Amino acid sequence: MNATPIIDRFYFHSVYFRESGGILFEVATNPPGFTTDEKVEELGSKLVLPPWLEPERKDLEKILPQLHLPKPRRKMLKNQFGDEDS
């Protein structure tokens, strides 16, 4: 089986390989994670892009649907990430 070198995707690192039937698999790490450039409390509140996609921001914003999500309560969000006791 041939696998790619480790590829830095900014929020995680990936290795890709194709199985004998032709299906492409990706194995990715959890770290460094989405809190690399955003606080836990702010996750999901705005479009954050990896550095190599920033030049494409205007084009991406034109084609992505506008999302209007309810703002979660801060304590619930912190508990979800294990930062605060219940």
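A residue counts as buried when its relative accessible area is under 20%, as exposed when that area is over 50%, and as partly exposed in between. The model considered here is a predicted one. Phe 34 has a relative accessibility of 53% and therefore counts as exposed. Tyr 11, by contrast, is buried, with a relative accessible area of 7%.

These two residues also meet as aromatic rings. A pair of aromatic rings is described by the distance of the centres and the angle of the planes. The structure holds 3 aromatic pairs. In the pair of Tyr 11 and Phe 34, the ring centres are 5.0 Å apart and the planes stand at 35°, so the pair is tilted. Tyr 11 belongs to the loop between β1 (7-8) and β2 (12-18), whereas Phe 34 belongs to the loop between β3 (24-32) and α1 (57-63); the pair therefore ties together parts that are 23 residues apart in sequence. Another pair joins Phe 17 and Phe 25, which are stacked, with 5.4 Å from centre to centre and 15° between the planes. Phe 25 is partly exposed, its relative accessible area being 39%. Together with Phe 10, the residues Tyr 11 and Phe 34 form one aromatic cluster.

Technical notes
Residues numbered from 1 in each chain as written. Predicted model: local features only at pLDDT ≥ 70, side-chain atom pairs only at ≥ 80, totals over all residues. Heavy atoms only, no water. Phe/Tyr/Trp six-rings, centres within 6.5 Å; stacked < 30°, edge-to-face > 60°. Helix = DSSP H or I, 4+ residues; strand = E, 2+ residues; numbered from the N terminus. Buried < 20%, exposed > 50% of the residue type's maximum accessible area, 1.4 Å probe, protein only.
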